[in-house]
Amino acid sequence: MSEDDAPPVRARGLVKRYKEVLAVDHVDLNVDHGDVYGFLGPNGAGKTTTLRMALGLIVPSGGTVELFGRDPMREGARALEGVAGFVEAPRFYPYMTARKNLELLAALDGDGAAGRIGEVLDVVELAPRARHRVGGFSHGMRQRLGIAAALLRRPRLLILDEPATGLDPAGMRDMRLLIRRLADDGITVLLSSHQLPEVQELCDRVAIVDSGRVVYEGALADLRRQGGAGYRLRTADEERAIEVARAQAGIASVRATGEGIDFQADEGHVAELSLALGRAGIGILSLSPELATLESLFFRLTESHAGEPAATGRDGRAEGELVGAEP
Amino acid sequence: MSSAATAPPLVEARSRPRRPSTLTVYRWELRKLVAQKRTYLGFVLVCALPLIFVIVENIHERQGHRDNIFASQISQSGLATPVLMLLFLSVFMHHVVVSLVAGDIVANEDGNGTLKTILTRSVDRGQVYAAKLLAAFSYAACALFLSAAVATLAGVASWGFHSITTFSGTVVSAPKGLLLVFAANACFLIPLLTVVCIGVMLSTVTRNSAAAVVGTIGFIILVLIIGQIPGLESLHPYLLTDQFENWHGLLRTPTDWAPIGHSAWVCALYAVPSVVAGYLVFLRRDVAGG
């Protein structure tokens, strides 16, 4: 397989152990060309450690990770060709200006990166502050400078660790727009985040990691579909409607939410329920399908596995399968 | 970033990128040093001491015999000043100054998180380590020769550019004396760069600037103490601190090259393992700071 064909990120059995603590536990990742790949998990789940291993900053205790078929541990800087990004907050030399920082990084990139400094500063709208020292920059400006520094490398794979953390709502929106645009330009994006709306809006595939293990990997749409077809019902008499629904075959997980009655069922049973409600003389105000939100699925996956072994296969990963979802 | 949606594409057709050389990384390490105030603190120290010395000597205008042959000539030739300053500063002060940079050069970047920034670019870890070591060497050389230049200028300005008597009692002309002053500093650079190697190694291993600086200075103090313990005289030729006087042979007639050759290989015994250990640790270490 040539480097151009090799997947942008492929991790197999990645392990990182700090003495007694198993920070990353046999993680497999498959990021394909063109993916906007969400890497989700609660704080301390092992996301950043995994990304550091991918970038060659941390030596894995076991397993391998390859970027376009190249192992950063074996090939060093060459494995990072076409790869850019940052883990945790991007860091710069506070005593230098933004432009000087980018000049330094461009010099360390080679490949004519210095000629792109003006362009990337324009993209992140930092051109007017280019001659200001980074020490005086806000968190949001540093995040944007981090993106600019990444773009200097003309990446094919962009690895971003919580890029919107600490940004104000407008900054978050702009960051999403920028990531969307970079993805549209053909850059594969590996986006670590615990901001679920961000992932829901940007990503097509996700891995959800909890306690160092991947508990789901696959298409976001598949994840939501496997979360179960839910419905929300609003009626003129909620108490009686709940009684009718609970008595009806094929209707599960009936509960009042304050905004109506949520339940799970297939379409045939929903039709039978509506007839039963009519027979009982209960007026239906609205009945609408509610796909499981990423948030509810995320909590279902991560909270059900806290402190217990993942109910996954031998390799600790459930590809395209919702682990912990209700039957 | 709202204009992002209208900006030109950032992905272009690519060929095999050209990787930067270690020289490029070294140049940027120097620029980083130049941009930091800490760098100038050491320079100010090594420049201020000769100036203070000359001012005090001018005020007191002491004459007559002193224990040291160069101290006796202080008001007779300005070239005695840089030799005396090298005698004083080579005991401890120069090592403190270079330790401030050597002990900080890796650990500081680790602590601030900028190490991860540069290690995710197109340079290998070995290049970064080599560039940092070379930058610390350059700083040490600059501090040493700057101090010598300031001492020479201040001395000559106060007492003139005259011939000078060496350790062996031979009078040498002023131009030759000047050459010997800078050759003596060049010889002293050998043990001084060894201290740099130890500082950079400790900076890499400890990941803590303060620990690395204190560790380097502490090591020198320890060796100085060992040199004072009775019964350990046989160790003296192999102690790093004894190599700090290697340049004395240059100020004798005929020139005694033996101490210089001896110090070269003894210093290598300290420097090479330090450099190799620091390099190996740097290559395999986890960069988790920042």
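Helices, which are runs of at least four residues, and strands, which are runs of at least two, are taken from DSSP and numbered from the N terminus. In this predicted model, chain B has 11 helices and two strands. Along the sequence of chain B these elements follow the pattern α-α-α-α-α-α-α-α-β-β-α-α-α.

The C-alpha trace of chain B spans about 80 × 45 × 30 Å along its principal axes. Of the 290 residues in chain B, 43% are buried. Among the contacts in chain B with a separation of 6 or more, 80% are made by residues 24 or more positions apart.

One helix of chain B can be followed in detail. Helix H5 of chain B covers residues 93–102, and eight of its 10 residues are buried, so this helix is largely enclosed by the rest of the structure. Here a residue counts as buried if 20 or more other C-beta atoms lie within 10 Å of its own. The buried residues in H5(B) are B:His94, B:His95, B:Val97, B:Val98, B:Ser99, B:Leu100, B:Val101 and B:Ala102. What covers them includes helix H2 (37–60), helix H4 (80–89), helix H8 (125–159), helix H9 (174–206) and helix H10 (209–228) of chain B.

Chain B also meets chain A: 39 residues of chain B are in contact with 40 residues of chain A. On the chain B side, helix H1 (22–34) and helix H7 (114–119) each supply at least two residues. H7(B) gives the most to this side, with five residues. By class, the side of chain B that touches chain A has 17 nonpolar, 11 polar and 11 charged residues.

Chain A itself is divided into domain 1 (9–221) and domain 2 (229–291). The C-alpha centres of these two domains of chain A lie 45 Å apart.

The last topic is the nonpolar cores. In soluble globular proteins, nonpolar side chains tend to be buried together. In this model the largest nonpolar core has 152 residues, and those with the most contacts inside it are A:Ala148 and A:Leu191. Leaving aside residues up to four places away in sequence, A:Leu191 touches A:Val36, A:Tyr37, A:Gly38, A:Phe39, A:Leu160, A:Ile179, A:Val199, A:Leu202 and A:Cys203.

Key
Residues numbered from 1 in each chain as written. Chains lettered and ligands numbered in written order. Predicted model: local features only at pLDDT ≥ 70, side-chain atom pairs only at ≥ 80, totals over all residues. Contact = placed C-beta atoms within 7 Å. Nonpolar A, V, L, I, M, F, W, Y, C, P; charged D, E, K, R; others polar. Domains from an automatic or database assignment. Buried ≥ 20, exposed ≤ 12 C-beta atoms within 10 Å, placed from the backbone. Core = buried A, V, L, I, M, F, W, Y, C linked by C-beta atoms within 7 Å.
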